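Hi there,

Here is the structure I promised to pass on to you. Have a look at it first, and then read on for what turned up.

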Amino acid sequence: MLNSLLSIAVDLTLITLVLALAAFGLAIVYGLVGVINMGHGALLTLGAYLTWQATAWQIPFPLAVLFAACGVCVIGLIFEHLVIRHFYERPFDTLLLTWAFFMIVTEVIKIVFGTDLRTVSNPLPGAIDLGGVRVPVYRATVALIAVGVIGATAWLFYRTSLGIRIRGLIQNREVAGLLGLNISLTYKIVFGIGAFMAGLAGGLISPMLSIDPYIGNVYLVRSFFVVLVGGMGQLLSGTLIGSFFTGGSETLFALFSSQAVAQTAVFALAILILRFRPNGILKNK
Amino acid sequence: MSHANSTIKRRPRAAHFGGENAAAFALLALLVVAPFVAGDYIAYILPQYMLYGLLAVSLVMLWGVVGIVSFGQAAFFAIGAYAMGLCMGQSDLGFNSGYAGLASGALAGGLLAGVTGWFLFSAGVKATYFVLITLALSIITEQVAVSQSQLTGGFNGMFVNRMALSPFEGGAIAGDIALYFFVLGVVAVVYALLRWLMASSFGTVLAGVRENEDRLTALGYRIDQYKTLAFALSGAIAGLAGALYATTASFVSPSLAGVLFSTQVVVWVAIGGRSSLLGGLVGAMVVATASNYLSATMPQYWQLILGVAFMLVIIFFKDGFAGMFARLGQRLRPREVS
Amino acid sequence: MSALLQTQGLGKTFRGLAANADIDFAIEPRSIHCVIGPNGAGKTTFLSMISGHLAPSSGRIFYNNADITRLATVARARSGIARKFQTPSVFHGLTTRTNIELAALRGSGSRGERRARIDEVLETIGLSAQAQRLAAHLSHGQRQWLEIGMLLAMQAKVLLLDEPAAGMTAGETAATGALLQKLVAERGLAIIVIEHNMDFIRDLDAEITVLHLGRVIANGRFDEIAADPRVADVYLGQQA
């Protein structure tokens, strides 16, 4: 009994952290520049494919992931520079444009990599024993990386002068403009970091599943719920709580029913929360 | 407080374009002669595209008139289609199961949209969140369709018989041509009714919702009620289109509710013209027809081209092709007092 | 006789700061009442509490002797309290006539009566010739009139006008003043006006309430107010 509880707890922790990693890029871009990046899922997929490609070139896995994250970051920046930067004033149009971006990236992935399933071999096979519960080493590592990355980014935004400048800029554009701060560059940096995070998450997730051009879709919708449930603008606590809620309840529901029913239940629950706590479960209006 | 935000939102477009009537009659004439001129395959396939067109129309009345974008139209379409499938599967309803299917398809779509809409609009959920939730609605519907296989046939889908067009048992109206004109009739009537409704007081209030919600509230309108009604009507039209589609295509599968199909509807409307019911209708028919041919000849690139076209329309041509034609028409015609 | 609209001890605090405090105010039918005061005096806050856009922190609002303090904006609008916003709030993408029509649909009467009312309102606000133009193509002043026209078309009894003459030429300002006086005389409306333009206020020749830091510091006709040293202090203090 105790053992199975522990096992559930470990499972929940791993799922929460991996989901938080996947959602973090979306949370940054939405929370800081107010763009709902519908292309987030496609960037995640792209990160997985680039990681696969790099490992196929015999590049060691950690470098492959880094290569993928940088590649995705560059793609994201190009899109930002060509299109999105002209539309920050019109959030609804950015939603449609990033959706078009999602379609384009997905199709390019299909053209370049084909639609066959790809697999990245697990760089850290095996499992450790934690009080009688077997924890896969790689998943645990990714969870730890997630904690590190989210912590580091939060530190960047809340503790460094660059981060404070960025947040100041975003909170008051007029004043920042008067002070001569470069608004468009700041937005670009934020968008780039978001894309980098998506690529990183895609790369790190790639050994856990078979890669197809649509793997990002599932994460896209889950990530939205993470952000919506956690509440925008609450980078650290919001993302973690949203992930815990979304990933956790899905795991719990799946214990009693099928995966599909569990996901449906979570969606329904997330919609309920959105209806009664439109600013996330932390904030009461 | 600041006077700086007196910048006018540049949306000087009415809910309809001049010349839409003429274009609609031209299209109707074209569709009436098409099956006789273009042959059997057209008579078989065109009704499906007309129903895509009707689905697009259900989005135009939201996006173009009320200013709400729903990524969930495919969900209502699929629910209507499954409703038709289930009705046609009952052998002894005691009355024409095809018409029962159409009614329950429209009802199911309208009910789901109405309940969802009331639930969200009464809380004043933001437009962007509305998009995300309706997208989730499509995904949920697809998952339910896959998992409830004893009802829906799961991944394998569901075969649906052609409905008997004669309202009474044992009628003798049948065949592709008959079904073609039945579909054409339904699409034309729904389109005409919707045009009339959007020109009525109700439609004017909906346009007011698009233009300025605060002003409308200050005039004493309950905008959540208007939005809910509009969304329910839109869902009912999508459901009706889906039901008729099921019996026309003879097959329903979960992908009708999926993310990809949901997106297609938005793309059709964006390209055809979000501000014109006819634009959406034609956009859907043309793009779907082109998809059919081009995805056979260049399967890899077609979706990509569509994605790029979608992006370009959003950036450069807010009103799609209908808007371009309308502007062209205005330039050719002597200027009216405006 | 009792007032048409009345407030008792009305107050609003934002995060501990009093934007409005203890405001007693009353307006009769067939009259104009101006609310003036320097920037930040709480004039718009006051108007927003009457229109229902802001919930008061204290005090009560009565309309036709009924307590409407907790009534929603929509319900107040339906009972005849109508507001014009500081920046003209019209339907840019619709024609002038359709703008008025949307308001007229809220009023009573048959289709024919409504049509007649729309024509009459367009005539009253001087926009008959502009009926088929999009509101987006009207001048700033015309848009102000259009918004007032909407309040007339919905058959409001109390008009709340937030800076109706803002951004108008001298000629347009005078025309607006004449329009308001005509509405009071011919339709018996009660009109609450917030304004900065002192020429406009003087020409309206109405009861005036002066707000400063959220409180009423003076009441009276224009000449009394102009002679009041406290009012002069407040305005001079602003200019210094």
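This is a predicted model: local features need pLDDT of at least 70, side-chain atom pairs count only at pLDDT 80 or more; totals for chains, interfaces and linings use all residues.

On the strand 2 side, C:Thr7 has C:Phe25 as its bridge partner.

Those pairs belong to a wider pattern. Strand 1 (residues 5-14) of chain C pairs with strand 2 of chain C in the antiparallel sense, over 7 bridges. Strand 1 of chain C also runs antiparallel to strand 4 (residues 58-63) of chain C, and 5 bridges join these two. What is the strand order of the open sheet in chain C? The order is 2-1-4-5, with 4 strands and antiparallel pairing. Strand 2 (17-27) and strand 5 (66-67) of chain C are at the edges with a single partner strand each, so one side of each has no neighbour in the sheet.

C:Phe14 stands opposite C:Leu17 in strand 2 of chain C. The hairpin has 2 residues between the strands, and C:Arg15 takes a positive phi near 45 degrees there.

Now chain C as a whole. It has 9 helices and 10 strands. The radius of gyration of chain C is 18 Å, close to the 18 Å that the globule rule gives for 240 residues, so chain C is as compact as a globular protein of that length. Along the principal axes, its C-alpha atoms fill a box of roughly 50 × 40 × 35 Å. Of the 240 residues of chain C, 48% count as buried. Among contacts in chain C with a separation of 6 or more, 66% come from residues 24 or more positions apart.

In the contact between them, 5 residues of domain 1 of chain C meet 4 residues of domain 2 of chain C. The domain 1 side has 2 nonpolar, 2 polar and 1 charged residues.

On to the assembly. Which chains share the most contacts? Of the 2 pairs of chains in contact, chains A and B do. Their contact takes 28 residues from chain B and 28 residues from chain A. On the chain B side, helix 4 (97-121), helix 5 (127-147), helix 11 (259-272) and helix 13 (299-316) each supply at least two residues. Helix 5 of chain B gives the most, with 13 residues. By class, this side of chain B has 21 nonpolar, 7 polar and no charged residues. Chain A and chain C, in turn, are joined by no contact, and their closest C-alpha atoms lie 15 Å apart.

Last, the nonpolar core. The largest one has 269 residues, of which A:Val72 and B:Ala56 touch the most other members. Helix 2 (residues 40-66) of chain B gives the most to this core, with 16 residues. Domain 1 and domain 2 of chain C both give residues to this core, so the core lies between them. Beyond its neighbours within four places in sequence, B:Ala56 has contacts that include B:Val265, B:Trp268, B:Leu281 and B:Ala284.

How values were computed. Residues are numbered from 1 along each chain as its sequence is written. Chains are lettered from A and ligands numbered from 1 in the order in which they are written. Two residues are in contact if their C-beta atoms, placed from the backbone, lie within 7 Å. Ala, Val, Leu, Ile, Met, Phe, Trp, Tyr, Cys and Pro count as nonpolar, Asp, Glu, Lys and Arg as charged, and the others, Gly among them, as polar. The radius of gyration is taken over C-alpha atoms; the globule rule is 2.2 Å times the number of residues to the power 0.38. A residue is buried if 20 or more other C-beta atoms lie within 10 Å of its own, exposed if 12 or fewer, and partly exposed in between; C-beta atoms are placed from the backbone. A nonpolar core is a set of buried Ala, Val, Leu, Ile, Met, Phe, Trp, Tyr and Cys residues joined through C-beta atoms within 7 Å. Domain bounds come from an automatic or database domain assignment. Two strands pair if DSSP finds at least two bridges between them.
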